[in-house]
Amino acid sequence: MTNVYSFDGILVFGILFICTCAYLKKVPRLNSWLLSEKKGVWGVFYKAAIIGTRLHFAVALSCLGMAFYLVFLK
């Protein structure tokens with residue numbers, strides 16, 4: 001179990017948040033409800049979804065790297 005207050009816990013949370021927002025961008029009903037606002041607090045979801053879709057290769061590699069780190073090295 002990863003502690004949220006450690007550095008690797010923050011990295012895991014950030015990667016999973018970006019992956020989740022990028023996935024929710026593909027769902028039409030949730031896209032219009034959750035990702036329609038581009039500014040403010042709700043804009044964080046939109047920006048994470050944009051990062052996840054534009055940098056999908058880098059995000060996937062970081063997911064694999066973090067999984068390898070958590071399973072084998074920690």
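How many helices and strands does the secondary structure of the protein chain contain? In this predicted model, the protein chain comprises four helices and zero strands. Along the sequence, the pattern of the protein chain reads α-α-α-α. The C-alpha atoms occupy a box of roughly 40 × 25 × 15 Å along the principal axes. Of the 74 residues in the protein chain, 24% are buried. Among contacts with a sequence separation of 6 or more, 58% are between residues 24 or more positions apart.

The pLDDT of the protein chain averages 89, and 95% of the residues score at least 70. Where pLDDT is low, the predicted coordinates should not be read in detail.

The packing of helix α1 against helix α3 was examined next. Two packed helices are described by the angle between their axes and the distance between the axes. For α1 and α3 (residues 43–54), the angle is about 90° and the axes are 7 Å apart. An angle from 65 to 115 degrees counts as roughly perpendicular, and α1 and α3 are therefore roughly perpendicular to each other. On the α1 side, the contact involves Phe 17, Ile 18, Cys 21, Ala 22 and Lys 25. These residues meet Val 44, Phe 45, Ala 48, Ala 49, Ile 50, Ile 51, Gly 52 and Thr 53 in α3. Sorted by class, the contact of α1 with α3 holds 10 nonpolar, two polar and one charged residues.

Asp 8 belongs to helix α1, which spans residues 7–25. The relative accessible area of Asp 8 is 9%; because residues under 20% count as buried, Asp 8 is classed as buried. A polar contact of 2.6 Å joins the side chain of Asp 8 to the side chain of Ser 6.

Asn 31 is located in helix α2. With a relative accessible area of 25%, Asn 31 is partly exposed. Apart from neighbours within four places in sequence, Asn 31 contacts Leu 24, Lys 25 and Ser 36. One of these residues, Lys 25, also takes part in the contact of α1 with α3. Asn 31 and Leu 73 are 42 residues apart along the chain, and their C-alpha atoms are separated by 37 Å.

Lys 38 occupies the loop between α2 and α3. Residues up to four places away in sequence being set aside, Lys 38 touches Gly 43, Tyr 46 and Lys 47. The C-alpha atoms of Lys 38 and Ile 15 lie 20 Å apart, at a sequence separation of 23 residues.

Cys 63 lies in helix α4, which covers residues 56–73. Cys 63 has a relative accessible area of 25% and is partly exposed. Excluding residues up to four places away in sequence, Cys 63 is in contact with Ile 15 and Cys 19. Between Cys 63 and Val 12, which are 51 residues apart along the chain, the C-alpha separation is 8.1 Å.

Note on methods
Residues are numbered from 1 along each chain as its sequence is written. This is a predicted model: local features need pLDDT of at least 70, side-chain atom pairs count only at pLDDT 80 or more; totals for chains, interfaces and linings use all residues. Side-chain values use heavy atoms; hydrogens and water are left out. Helices (H or I, at least four residues) and strands (E, at least two) are DSSP runs, numbered from the N terminus. Buried means under 20% relative accessible area, exposed over 50%, partly exposed in between (1.4 Å probe, protein chains only). A polar contact is a pair of N or O atoms within 3.5 Å; within protein, one must be able to donate a hydrogen and the other to accept it, and residues adjacent in sequence count only if both atoms are side-chain atoms. Axes are lines fitted to C-alpha atoms, for helices over the stretch in contact, and angles run from 0 to 180 degrees between N-to-C directions. Angles under 35 degrees count as roughly parallel, over 145 as roughly antiparallel, 65 to 115 as roughly perpendicular and the rest as oblique. Contact means heavy atoms within 4.5 Å. Ala, Val, Leu, Ile, Met, Phe, Trp, Tyr, Cys and Pro count as nonpolar, Asp, Glu, Lys and Arg as charged, and the others, Gly among them, as polar. pLDDT is the predictor's confidence in each residue, from 0 to 100.
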